[in-house]
Amino acid sequence: MGMQIDAFELRRVRIPLVTPFRTSFSTETHRDALLVRSFAHDGPTGWGECVADVQPLYSPEYVDGAADVIERYLIPRIFASHGPAAEDVAKLLSRVQGHPMAKAALEMTILDAELKSQGISFGQRLGASRERVDCGVSVGIQGSVAQLIDTVAGYVAAGYKRIKLKIEPGSDVQFVRGVREHFGPDLLLSTDANAAYSLDNPAHIAAMQALDPFALLMLEQPLAPADIPGHAALAQLIASPICLDESIVSAKSARYAIEIGACKIINIKPGRVGGYLEAVKVHNVCAERGIPVWCGGMLETGIGRAANIALAALPNFTLPGDTSESKRYFAQDITEPFVLEHGQLRVPTGPGIGVEPLASSLKEFTTSVKLISR
Ligand code: NPG
């Protein structure tokens, strides 16, 4: 048995980003997040963050759709089951197809409430083995090579241990060359294409091959999410190790991708795989097969960031994640900011996610609130 939840609050917050974030699929100027708060019967309040974007461009989910499916199809299943334990939530919701980010947010809020009632932190529950995690930063596509070098220089000075460059066809080789030549061979450098390349296009293949000399730590998700076999074929054509993000939607898909040689590294995002508990399973599948993992980012507020940092402290998270400090994203976050110390963030130790939203920030950034009671 778990917590009996009497009501959930769906709260939308819209927080300005310090700098627009451009990927191969969009340019974001704000983080428009959905927070899911749970009110347990005679128990603590839990928080969850849904990482779905405003538009369905990274994956089919989008934040309005996530809020709708949570309210109409997921919460009723929770209410019907009389207080499920967090570990039973994924199974309970499994008849609803897809919507992993929506499901992950609901599982997260229930897990937070449950752990707070037990006095256990996310890190302890998930199996964290470190008190601090190494952090990298994801750099959006910039207008010019000079501008990119400038931006990267700022992040290197801040102490980030790995720089990831967003790329797309036409904004790839010259950007990577510029950064590699400017910062030298010791910079841990990776690229992320967000599925913008195709094996059907010879110019795309040539561009990916042209990245070979730059000793990339990885080339992340060059091809379409569903095309795991295509990544295995591509691995035979390029020297850069392939990392999969969008393609990995469960521990099962991770096992398959590794078995067919589609990737050497996996990016784990709890929202993408349906929750923190499935994320641990992906971690374990990779650990058993000698595949290093790192924690991805979806421009989370301090709520999601706290839980991501706990996850990133598991033993096989051996590469720096997209777990940057709060001020890389927001001038004002909705929690106390996470602050980089020698390229690392400290894993929260308090019960549950270990952070609370600040009342003043919630007030400032909330655009709507809906209470859904039993
Ligand atoms: O630091 O949180 C972060 C952003 C990391 O690059 C990042 N995220 O494809 O991994 C991605 C990308 C992303 C951001 C995807 C927002 C979807 C929405």
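Q: Contact means heavy atoms within 4.5 Å; on that basis, which residues does T23 touch, not counting residues up to four places away in sequence?
A: T23 touches I141, K166, E168 and N194, when residues up to four places away in sequence are not counted. The model is a predicted one, in which local features need pLDDT of at least 70 and side-chain atom pairs count only at pLDDT 80 or more, while totals for chains, interfaces and linings use all residues. Residues are numbered from 1 along each chain as its sequence is written, and side-chain values use heavy atoms, with hydrogens and water left out.

Q: Why does T23 count as buried?
A: The relative accessibility of T23 is 6%, and buried means under 20% relative accessible area (exposed is over 50%, partly exposed is in between, with a 1.4 Å probe and protein chains only), so T23 counts as buried. T23 is found in the loop between β1 (5-22) and β2 (27-40), where helices (H or I, at least four residues) and strands (E, at least two) are DSSP runs numbered from the N terminus.

Q: What makes β1 and β2 a pair of strands?
A: Two strands pair if DSSP finds at least two bridges between them, and 13 bridges join β1 to β2, which run antiparallel. The two strands form a hairpin with four residues between them, and V13 has A33 in β2 as its bridge partner.

Q: How do you know that β1 and β13 pair?
A: β1 and β13 are held to be paired over seven bridges, in the antiparallel sense. Among the residues concerned, R12 stands opposite S368 in β13, and L10 stands opposite K370 in β13.

Q: What is the order of the four strands in the open sheet with antiparallel pairing?
A: The four strands of this open sheet follow the order β3-β2-β1-β13, with antiparallel pairing. β3 (45-50) and β13 (366-373) are its edge strands, since each pairs on one side only. Neighbouring strands of this sheet are turned by 20 degrees against each other on average, direction ignored, where axes are lines fitted to C-alpha atoms (for helices over the stretch in contact) and angles run from 0 to 180 degrees between N-to-C directions. Helix α3 (residues 100-118) packs on the sheet, touching β1, β2 and β3, and its direction makes about 155 degrees with that of β3.

Q: Why does K116 count as buried?
A: K116 has a relative accessibility of 18%, which is under the 20% cut-off, so K116 counts as buried. K116 is found in helix α3 and, leaving aside its neighbours within four places in sequence, is in contact with P44, T45, G46, W47, P351, G352 and E356.

Q: What makes a space a cavity and not a pocket, and what volume does the largest cavity have?
A: On a 1 Å grid over the protein atoms alone, a cavity is a set of points where a 1.4 Å probe fits but cannot get out, whereas a pocket is an open set with protein on both sides within 12 Å along at least five of seven lines, and lining residues have an atom within 4 Å of a point. The structure holds three cavities of 30 Å³ or more. The largest cavity has a volume of about 280 Å³, a volume being the space filled by probe spheres set on grid points that are joined across faces, edges and corners. Its lining has 23 residues, of which F21, K166, G297, M298 and L299 lie nearest the centre, and β2 and β6 (163-166) are the elements that give two or more residues to this lining.

Q: Which residues lie closest to the centre of the largest pocket?
A: About 480 Å³ of space lies in the largest pocket, and of the 21 residues that line it, the closest to its centre are G98, H99, P100, V249 and R272. The elements that give two or more residues to the lining are α3 and α10 (270-273).

Conventions: Contact means heavy atoms within 4.5 Å.
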